[in-house]
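Trainee: I would like to go through some residues and ring pairs with you. May we open the structure together?

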Amino acid sequence: GHLPYEAVQDLAKLELLEEPGQLEMHLYRRRAGGTGITGVKSHDGAEGDIVRFKVYRHGLPMVLSAVLPVLHSLGVKVTDERPYEIKRGDSTIYLYDFGLQLPQGARDLTEVRAHVENAFAAAWRGEAEVDGFNELVLRAGLTWRQAVVLRAYAKYLRQAGTVFSQESMESTFTAYPQIAALMVALFETRFDPRLVLADAERNSHAKELVSAIGRQLDSVVSLDQDRILRNYLTLIQATLRTSFFQKAIDSRPKSYVAIKLDPQAIPDLPQPRPRYEIFVYSPRFEGVHLRFGAVARGGLRWSDRRDDFRTEVLGLVKAQMVKNAVIVPVGSKGGFVLKQAPSSSDRDAYQAEGVSVYRMFISAMLDVTDNLDAGKIVPPKDVVRHDGDDPYLVVAADKGTATFSDIANEISKSYGFWLGDAFASGGSAGYDHKKMGITARGAWESVKRHFRDMGINSQTQDFTVVGVGDMSGDVFGNGMLLSEQINLLAAFDHRHIFLDPQPDPARSFVERQRLFDLPRSSWDDYDKSLISQGGGVYPRAAKSIPISPQVRAALGLGDTITAMSPAELMKAILLAPVDLLWNGGIGTYVKAKSESHSEVGDKANDAIRVNGAHLRCKVVGEGGNLGFTQAGRVEFARAGGHIYTDFIDNSAGVDCSDHEVNIKILLGNSVENRDALLASMTDEVAELVLNDNYQQATALGSSRAQSLSLLPVHRRLISELERDGKLNRALEALPSDEELTARGEAGEGLCAPEFAVLLAYVKIVLEAEIVGSDLPDEAWTTQTLVDYFPTPLHGMTRQMAEHPLRREIVTTVLVNEIVNRGGITFVHRAVEETGATAADVLRAYVVVRSIFDLPDLWKKVEATDNVIPTDAQTQVYLKARRLLDRAVRWLLQNRRSPMDVPGEIAKLRPGVWALLPDLENLFRGAEQEALRADSAGLLAVGAPAELAEHVNRILYGFGLLDVVEVALNTGHDVHEVAGVYFVLSERFRIDDLLTKISQLPRDDRWQTLARMALRYDLYAALAALTTEVLAATPAQVPAAERVELWEQRNTKAISQAKKAIAEVDASRADLAALSVLLRQIRTLVRTAAA
């Protein structure tokens, strides 16, 4: 029967029930036989086995099948259940009386009663998951919230790729409840803001707990359990911040927990490891955000890969990292999954849950992010920080979140976050990427370059295309409207297969435009009457698709093929013999022969994926991400295909977003009609962004031209990046040293996709070095900053100077320029050969760029697109690079660090500009003939005469630096100095000697350094001889006569030098011979001076 005591307890609980669905609970030990004795023992003698648990619910019954899993998760066994209905005036109360058997080793009920009751209620309400971690409430005396800590780390470990199941982690903690309690205590000691502790004191207490955990771990017998526990210890110590102790508006704990981690402190994480990571745990969702730097940018995606969404995000952020080399922030990427989603068949409910979870995910990240107020850091409330200030967090749209930017910005504003609506780019008050078509237009710059390399103007000449995507998509749709010459033969998306084997370019263009403008269109909306004979639109779900003779011809299929399955047909489309394969879809469709489908990690497309070596298209445009594996790209490129990479082709989207964010930060709240101003600058922002795509494509074209000649340098650069931990060669599919050697022997160097990776990594490493130097703070960089922004903003120099990302913007612009213009190895070689810092090299580059007005030359070359062959353009670019190589080294050797950039320009430019126009007349004899021959060589490959003469004047004008320097040092007029200098150069055949030096090998660093030393010693000797002639002869005498007078006074030394030159002509002219010759010339300098 029931005792009066129990009745009184029941009445007390019943009085607390006021709202429908409300729960009350009572956990107690039953007094045996009404005796009042609490130490009741069961039949097997164990104390405390007779335990009752009552659940009271207002108005709504509970289903036993739903209650039992909750109780079992607490570690108890249910021995019996007695349901009751109690009619109350206002409603019915449902009472459930359970008999429980507690797990062995459970804590005393007086200690954990409230914890168990709260844990049951939390699990029932969905605030806590129903799993084995709940058992720690009884075994370790944890609260349900403390169990959440261990559960959240378990979820993270599963995403991080641990081999241990969650069940293994649960059983480990139930086996060692004391360690579980210590782990939670360590977490609370490090992060509970209610503990009023100084940082040193908090750290000291944490160290004591770590030691205590270490002692406890000594008693763990199982190796697997030891590894699990040590993984937890590592994670807690690698945690930098958490929102765990924050409260919601109703003063209850928030429904999610954000944990910010230092991935570098977690050795078991897969590579690459980001700089920061935020993991968000909730019973409703999980999410992760990976950032590779303090200032990072990338999209947030709504993932459907619940079991391994971190792996998906990590793969995407790898591409984002190299893509972001062109913008201010480094790469970041985030993703979340729904855990309690309604059926996707109920589209509205499913979408509503996605939006709700997205809101929580954004909020969770902001909960652990610093804010800025009037330039001062404001840490988040109730967050203990174990890292430095970290206020830069931005997000962008991605798969599933394309329309969510306004939601993110609304949350940003509600938090008072300093970025306001610059937090998420592309919202209603921003640049609409699809409307601008910016991502596709950026990729089209690559496509146009590839076609120019083949002598085709893609804007005026017809070409054939197959593709992945449909006209409703941003990248595919916009891309297929970028030329009226497109002959789109076939395409497919996740719904349909489109075939138009002999399209009319004009009519099909108009129809594609109609589909693009039609909301939520598909290929099935295409006007079938416009499709050429033998074509059609077919569902991917079809059993078989008929293949007409026209389709066979268009796709290059065998004559016997009359029908194909959808998978076979899509594979045939990918392998079609067309001019362009345009990827604007989602999925990985091309791999290398050496890769398995499982290695690709896109199971959905295994049936249609092809190998790069088997592609028959000429050009690939990667508007979409991850359409090829990197090895697949390399395989296609080495077989003669024209391709860069996805992160090169489609970088314009993120570039546009970055411009938007930086413009919004600049404008702040101080500009009236800000949104109208933003809109008015759309076209110029697009031009700035597309120029980045154009320049990177041009840089890759130049790199390909030197792939063999610079192979030893490329090998050294890759090895250095790898040695410094900046690059994982295997991860980026770059060849080994052995393979590079074999390629060199076969007359082959790196290919374009490999150069693309190297280009990005060089920029990433260089940006880190430059932003860490004083260079971005130098006054001359102001113009660089101004030029980054659209013209209407150029007057806001005061606000630009206060821009929080001023230094990063300057660095990004200058690094992109020096690498694009100077070449991938330019800075590496200059540093290697001179010992200067990268910042010194960059300063010298800016000086040389200005002295010789290289932008004017580059502009003239760009104006010849589709007019002259790209080979001719590339030769002009490479000649300008040779000038950069030589002049930058001259400055680095002749000026102290840090270089005064404006001062050097002011000092050297007037003299160089005065002499350059007349350079051909200053040259004499064989050197004059060499200049003319070089110009003729450019004419032969298609360069116009004016351009050929311009670039050769610049290249041969390198010696003018010595001329101007001698003039400045001696006080002589530059024209007078130049006359003597070039007579001496011709007399001593300096140009011939420089050619022989350039022919020396540079297979290793020492050979390279020796070449450089010879070259600059020779120039220095020529300058010194010029100084001697000027000092020893009368100014009024013509230059040639002055040199003859000087020669007459130094006959013996000069004859010895000329004899040495003749001997070098007759020999192999190797390093030893040239070194001896140079010594003779230096002896002549000393003799003349004496």
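Mentor: Let us begin with a term: contact means heavy atoms within 4.5 Å. Please also keep in mind that this is a predicted model.

Trainee: Which residues is His-450 in contact with, leaving aside its neighbours within four places in sequence?

Mentor: With those neighbours set aside, His-450 contacts Val-619, Val-620, His-642, Ile-643 and Tyr-644.

Trainee: And where does His-450 lie?

Mentor: Helix H14, residues 438-453, contains His-450.

Trainee: Is His-450 buried or exposed?

Mentor: His-450 is buried, because its relative accessible area is 1% and buried means under 20%.

Trainee: Let us move to Pro-776. Where is that one?

Mentor: Pro-776 belongs to the loop between helix H27 (752-771) and helix H28 (782-788). Its relative accessible area is 0%, so Pro-776 counts as buried.

Trainee: What does Pro-776 touch, not counting residues up to four places away in sequence?

Mentor: On that basis, Pro-776 touches Ile-770, Val-771, Thr-781, Arg-806, Arg-807, Val-810 and Thr-811.

Trainee: How far apart are Pro-776 and Gly-556?

Mentor: In space, Pro-776 and Gly-556 are 56 Å apart, C-alpha to C-alpha, and in sequence they are 220 residues apart.

Trainee: A change of topic: how many aromatic pairs are there?

Mentor: The count comes to 36 aromatic pairs. One of them joins Phe-923 and Phe-982, with 4.9 Å centre to centre and 35 degrees between the planes, a tilted arrangement.

Trainee: Which parts does that pair tie together?

Mentor: Phe-923 lies in the loop between helix H36 (919-922) and helix H37 (925-940), and Phe-982 lies in helix H40 (residues 974-987), so the pair ties together parts that are 59 residues apart in sequence. Phe-923 is buried at 5% relative accessible area, and Phe-982 is buried at 2%.

Trainee: What kind of aromatic pair do Tyr-981 and Phe-982 form?

Mentor: Tyr-981 and Phe-982 form an edge-to-face pair, 5.1 Å centre to centre, with 80 degrees between the planes. Tyr-981 is buried as well, with a relative accessible area of 2%.

Trainee: Which residues do ring pairs link into a cluster?

Mentor: That cluster consists of Phe-133, Tyr-153, Phe-173, Phe-187, Phe-191, Tyr-232, Phe-244 and Phe-245.

Trainee: Lastly, which ring does the charged end of Lys-260 sit over?

Mentor: The ring is that of Tyr-276, and the charged end of Lys-260 is 4.5 Å from its centre.

Technical notes
Residues numbered from 1 in each chain as written. Predicted model: local features only at pLDDT ≥ 70, side-chain atom pairs only at ≥ 80, totals over all residues. Heavy atoms only, no water. Helix = DSSP H or I, 4+ residues; strand = E, 2+ residues; numbered from the N terminus. Buried < 20%, exposed > 50% of the residue type's maximum accessible area, 1.4 Å probe, protein only. Phe/Tyr/Trp six-rings, centres within 6.5 Å; stacked < 30°, edge-to-face > 60°. Lys NZ or Arg CZ within 6 Å of the ring centre and 35° of its normal.
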